[in-house]
Amino acid sequence: MSRADEIMDVANHFILERGYSAFSYADIAGEIGIQKASIHYHFPSKANLVQSVVGRYRQQIKSNLALLDGMEGDPQEKLTQYLNYWEDCLEAQATDICLCALLASEIPILPDEVRSEIMAHFEELTDWFTRLLKESKVPLQYTTADVSDEEMAHGILAGIHGGMLAARTFNDVGQFRMIKSGLLHQIHPAK
């Protein structure tokens, strides 16, 4: 593992644990056992570091979505697999939520370059959900009347991330499971 990756791993951990504002280069240096100057060598500013962490996170999510896209099966099953992934993460540790969901709560104080990465993440996810809904071989019907695929995709995005935040708040994966169940019951084959 490169030093830059090690720094990003520790920064990722601190972001999930404390948020953007509550960690410093001194914290990272102390955790790794290096000088702050070593961090500045790889990441001249905190904004640059967090942008890199979020960019790497986005690439990991894109790779995971590509794996789901490569699976056989109905798009609804792919959505279920996506939800299962997050349920498993939250089961292991209820504070292990989407990095971008956590940072989104701090949008007003984030530097523009970090904000742009987070917005791009949510746009990519919403596009993926929309595509899944449109690609379904079985026409879908939503419990909520007169909702477009794109509107439903936004609802899925909000539900998933709201469920993560509830699980984190209550330290209880059951909070996410309730949201997951509700989302999957909202989407069903048209009659």
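Predicted model: local features only at pLDDT ≥ 70, side-chain atom pairs only at ≥ 80, totals over all residues.
A pair of aromatic rings is described by the distance of the centres and the angle of the planes. Searching the whole structure turns up 5 aromatic pairs. One of them joins F14 and F23, whose ring centres are 6.3 Å apart with 25 degrees between the planes. Planes under 30 degrees apart count as stacked, and the F14–F23 pair is stacked. How accessible are these two residues? F14 has a relative accessibility of 4%, so it counts as buried. F23 comes out at 3%, so F23 counts as buried too.

The pair of Y82 and W128 is put together in another way. Here the ring centres are 5.7 Å apart and the planes meet at 50 degrees, so this pair is tilted. Where do the two partners come from? Y82 belongs to helix α5, which covers residues 75-92, while W128 belongs to helix α7, which covers residues 112-135. The pair therefore ties together parts that lie 46 residues apart in sequence. Both Y82 and W128 are buried.

Back at F23, a charged side chain joins the picture. K46 lies over the face of F23, 4.4 Å from the ring centre. K46 also lies over the face of Y20, this time at 4.6 Å from the ring centre. F23 thus has F14 as its stacked partner and K46 over its face.

Technical notes
Residues numbered from 1 in each chain as written. Heavy atoms only, no water. Phe/Tyr/Trp six-rings, centres within 6.5 Å; stacked < 30°, edge-to-face > 60°. Buried < 20%, exposed > 50% of the residue type's maximum accessible area, 1.4 Å probe, protein only. Helix = DSSP H or I, 4+ residues; strand = E, 2+ residues; numbered from the N terminus. Lys NZ or Arg CZ within 6 Å of the ring centre and 35° of its normal.
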